[in-house]
Amino acid sequence: MGEEELTRLCHVAGFHEAVYRNGVFSRRRTLLAQADARTTLNHLTTAVPAYVLEVIAEQTELAQHPFAPFQKLPSEQRVCGPMFADSTDLGGADADIIVGGLLVDCKATIRPHTIHRSAVQQLAGYLRLDYDNAYGIDRVGLCLSRQGALITWTVPEFLAALGARVPLPQLRTLLRNHLRQAKHSLPATGPGSLPTASVGPYCTDP
């Protein structure tokens, strides 16, 4: 399979995933808007705009340098879309990438100097969701795909910057207990989403 064909398939799959995650179908800015019973996968992949292929190809090229050190890692240390043992506590939440103990969340922002604090809180939420430390996460980072930048922190640096006042294992226990207590009293949360205050009461705002 060629790079262009793979990009087309991934782009189409993204629209289907959005329907799965959100539970609703929006006709705005989606290739699925004109689909009917006669629409085939080939129809959808052919309809992917040329600019999408160009933008994704550019971001893929930009990612080569920051991710080069991880390419030689064994496959078990390169996990895409990692799920956690208790991801069901958040409707099946999955992170973007974990490579060699580095938890990475990817952002395709065009304004890298104005990353919203929710992006950092989301990263903190994924870190805490690995209750049993199954992935051995010791660093976290944000990949700015349009800029080819990978910004990383050690876990202690990251939590200290967020104002954490207790160790990571305790933060994980607090999150697990909170989510399980609230599970039956709050509306269902969509897969992959995290509470806005994902760092919890033992951290200040970033």
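Student: Which residues lie nearest the centre of the largest pocket, and how many residues line it?

Tutor: A pocket is read through the residues that line it. In this predicted model, the lining of the largest pocket consists of 40 residues. Ile 56, Gln 59, Asp 96, Cys 106 and Ser 145 are the ones nearest its centre. The space in this pocket comes to about 1900 Å³.

Student: Which helices and strands each supply at least two residues of that lining?

Tutor: The helices are α1 (3-22), α3 (50-67) and α4 (117-129), and the strands are β1 (78-80), β2 (97-99) and β3 (102-107). Helix α1 gives the most, with 11 residues.

Student: What is the make-up of the lining by class?

Tutor: The lining of the largest pocket has 19 nonpolar residues, 12 polar ones and nine charged ones.

Student: How many helices and strands does the protein chain have, and what pattern do they follow?

Tutor: The chain has six helices and five strands.

Student: What share of the chain is buried, and what share of contacts joins residues at least 24 apart?

Tutor: Burial is judged residue by residue, and 35% of the 206 residues count as buried. For contacts, take the pairs at least 6 apart in sequence: 65% of these join residues at least 24 apart.

Student: Why does Leu 103 count as buried?

Tutor: The cut-off for buried is under 20% relative accessible area. Leu 103 counts as buried because its relative accessibility is 0%. This residue lies in strand β3.

Student: Which residues does Leu 103 touch, leaving out those up to four places away in sequence?

Tutor: Leu 103 touches Ala 95, Ile 97, Ile 98, Leu 123, Tyr 126, Leu 127, Ile 137, Arg 139, Val 140 and Gly 141. One of these, Arg 139, is 36 residues away along the chain, yet the C-alpha atoms of Leu 103 and Arg 139 are separated by 6.3 Å.

Student: Where is Asp 130, and is this residue buried or exposed?

Tutor: Asp 130 sits in the loop between α4 and β4 (139-144). This residue is buried.

Notes. Residues are numbered from 1 along each chain as its sequence is written. This is a predicted model: local features need pLDDT of at least 70, side-chain atom pairs count only at pLDDT 80 or more; totals for chains, interfaces and linings use all residues. Side-chain values use heavy atoms; hydrogens and water are left out. On a 1 Å grid over the protein atoms alone, a cavity is a set of points where a 1.4 Å probe fits but cannot get out, and a pocket is an open set with protein on both sides within 12 Å along at least five of seven lines; lining residues have an atom within 4 Å of a point. Grid points are joined across faces, edges and corners, and a volume is the space filled by probe spheres set on the points. Helices (H or I, at least four residues) and strands (E, at least two) are DSSP runs, numbered from the N terminus. Ala, Val, Leu, Ile, Met, Phe, Trp, Tyr, Cys and Pro count as nonpolar, Asp, Glu, Lys and Arg as charged, and the others, Gly among them, as polar. Buried means under 20% relative accessible area, exposed over 50%, partly exposed in between (1.4 Å probe, protein chains only). Lys and Arg count as positive and Asp and Glu as negative; His and the chain ends are not counted. A salt bridge is a side-chain nitrogen of Lys or Arg within 4 Å of a carboxyl oxygen of Asp or Glu. Contact means heavy atoms within 4.5 Å.
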